[in-house]
Structures are given as structure tokens and as C-alpha cells.
Amino acid sequence: MRVGDKFYFLCLVFLLLIFGLLLSERINLATADLGRHLKNGEMILQGREVFRTNFYSYTYPDFPFLNHHWGSGVIFFLVNKFFGFTGLSVFFVCISILTFWLFFDTARRNSSFGTVFLTSLVLLPVIAYRKEIRPEMFSYLFCGVFLWTLWRIGRLNGKQLVILPLLQLLWVNLHVYFFLGPFIIGIFLLKKIIEGKLREDMPLGVAFLLSVLICVVNPAGIQGVLQPLRIFANYGYRVLENQTVFFIDKVLGNYVPNLYFKIGFGLLAVSWLAALWKKHLSLIGLILTLFVSYLGWTAVRNFTIFGYFAIPIITANFSLIRPRLLRLTFDEDIRIKFFVLSSAFLILFGIFALNTGYWTGKKIGWGLEKKVY
């Protein structure tokens, strides 16, 4: 292994360890939704039908409710049954690290390692915003798998693409963001259609069609497919995570996650200025940018998904400025190594210095929080 390769590896391990540490927060069952997911999973495995009403409500238990994340509850219950709450924490962190690596590796194929590494550091606070064990973790994972797979579309055949509809079958029963699967495939398919290459890339069209049709395979059928469009129709009350960045700024004032999101969004905007300067606009990158930016600005719960997608978009845009850096390894130029290390230190220091209380007040650990007041 070359010196440069070892340096790549050590930087990546460091990045993933920091990310895992940021996500390692003890479970507070008094405030988290995890208890409900665990009970759902237990009752489903005991033979109970997936809930169609608001089962846990004391005042209105017959209110119609569509459980779009029932599969996640089953997985959470099984992990907890065999490995306990500590095992559940480890499971969450491991899935999150795998997801992070998928987006990181996708970005690395179109940029230099140093650019991806530093961009990822800037976006770490945004991606690590959602630390509770929730079904959405599977949506992040599948988004990473779909994007990682489709970015290699030139080297894939129909047999390899069949994995996407199979994953879609799982996704539609794990979390309401399942529609992102066909959406991501559709973006790549649209690019092929515009380029006039649909005939030679027919497997991609088949994968898209199958991914759309297979969404019906859920306990609620077509109603489950339409749930993403209806989920906010009768939500009942305002939940913090569903509010816009502007609303939270107005109500809470200095909400630290908003600050880190704005920094990440600013970096994304600057990267597009670089792309415009080089007169090279990626259709896939542009559509994804508009979509995840909309998600992030309209609901703070989407900060994480914004951060994940921003990594490959930002780094692909910046790579247009110095294409030669794509072929340069750290052992070929010691100045690059020094620049990356010093920049990484400054970024981490800046992230911490922006609001030290936000970081020092965190309770790091795995498993249940023993004392909840």
C-alpha cells in the first residue's frame, strides 16, 4: 500500500469515527418515538395486523392512521430483543456510518479525496443533526445505495440494476420517504432520455418502472403509495421538526442547527457559482440541489438528507475548477497533504467555536439514558 493510500485510509477512518461519535447519544425513551416503534414491532411479530387506526390514543383510538413505517418497528424490536438498547444504539451508528460512506464514495469518484474530505467535515453537523433512532435512517441508507449504484450506471447491466426494485420493496414498508427511490432513478433516466440514450439504457427504464409498481406492495396498497402526499393533511399540531428554517429563526432565535445548515447551503451555492464559471451544469446535480434545498428550508427534519446529498454535488462542482487534482495523490505532492490537514483542523475548530455550548452539553454514550428528569 502506498503512503498516499494509507493517508486516505486514516483520514477516512478519522472522519467516520467523528461522525459516529456525534451520533452516539443515549436513548431517552421519555421523549423519543422509539418505544412506540418497539411495541409496534413486537405486536406485529405476535400476529397482530398492522395498525390502521390511532391505537395509542386515549381520546380517539378509532382515528384513521396509516402505519407506513411498520417494517422499521419489526427490525428495531428484533435488534433490541437480541442485543438490548446498547445493541440498538450500535446498530443505528453502524447503519449511519455505512450511509455516510456511500455518499462519500459517490463523491470521491467525481472529485479529489481532499475536496470530499473537507466538504464532509463542513457538513458533519448538518448530517448528524438527527441523532434519534428513527425509521428515517433506512431512507438515508437507501438514498445512499441508489445514488452510489446509479452513479456507476455506465458499468452496470440489467442484472445489477435489479437490486434497486428489490430494495424498493423493503423501503416502501420501512419509511414514508420511499418515493425518493423512483425519484432518484427517474433523474438518471431523464438524463438518458435528453441525451437520446434511452434505447441503449433500457434496463434503467425497466428498473424505474418496477420500482414505481412495487411500491403498491405494502399493507395499505395504493393508499400507502399516496401517503407521502397526505401525511400533513391532518397532522393535528405543529411539531418542531416539521417547521421551516425561517419560522424557527423567528420563534427560537439562535437555533444552532439552522446556523450549520445555512453554512452548508452557502457552500452548496458557492459550488454552483464555480460550475457556472466553468459553464458546466449537471442536470442530475441541479435537480437534486433544488429538491434537497427545498426539503431543508421547509422542514428542519430534512437537514440530514440535505447534508448527505450536498457532499457529492458540492465536490463535483468544485472539481471543475482544478480537474488535475482528481489524478493527484497525497504522496505526489506534500503540500496537498499539509493543506488538507491544516484545513481539517481549522474546520473542526470553527464548527466547535461557533457555539461551544451546543457541543459540550451533549451526553455521549450508547443504550438507555438511566436518569430522565
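Okay, quick one today. Keep in mind that what we're looking at is a predicted model.

Let me start with the core. The largest nonpolar core has 95 residues, and the members that touch the most others are Phe100, Phe117 and Phe309. If you want to know which helix puts the most into this core, look at α3, residues 70–108, which gives 11 residues.

Now zoom in on Phe100.

Searching the whole structure turns up 13 salt bridges. The part I'd like to show you is a network of them that links Asp33, Arg36, Arg130, Glu132, Arg134, Glu136, Glu241 and Arg301.

Let's take Arg134, which sits in the loop between α4 (113–127) and α5 (136–150). Is Arg134 buried or exposed? With a relative accessibility of 12%, Arg134 counts as buried. One of its partners is Glu241, and there the closest N and O atoms are 3.3 Å apart. Glu241 comes from the loop between α10 (222–230) and α11 (245–252), so this bridge ties together parts that are 107 residues apart in sequence. Glu241 is at 13% relative accessibility, so Glu241 counts as buried too.

Arg134 also forms a salt bridge with Asp33, with 3.8 Å between the closest N and O atoms. Asp33 is in the loop between α1 (3–23) and α2 (34–45), and this pair is 101 residues apart.

Last pair: Glu136 and Arg301, whose side chains meet in a salt bridge at 3.7 Å, N to O. Where are they in the chain? Glu136 is in helix α5, while Arg301 is in the loop between α13 (283–298) and α14 (303–318), 165 residues apart. Glu136 is buried, at a relative accessible area of 5%, and Arg301 counts as buried as well, at 15% relative accessibility.

So, to wrap up: a nonpolar core of 95 residues, and a salt-bridge network that includes Arg134, Glu136, Glu241 and Arg301. That's it from me, thanks.

Conventions
Residues are numbered from 1 along each chain as its sequence is written. This is a predicted model: local features need pLDDT of at least 70, side-chain atom pairs count only at pLDDT 80 or more; totals for chains, interfaces and linings use all residues. Side-chain values use heavy atoms; hydrogens and water are left out. A nonpolar core is a set of buried Ala, Val, Leu, Ile, Met, Phe, Trp, Tyr and Cys residues joined through side-chain atoms within 4.5 Å. Buried means under 20% relative accessible area, exposed over 50%, partly exposed in between (1.4 Å probe, protein chains only). Helices (H or I, at least four residues) and strands (E, at least two) are DSSP runs, numbered from the N terminus. A salt bridge is a side-chain nitrogen of Lys or Arg within 4 Å of a carboxyl oxygen of Asp or Glu.
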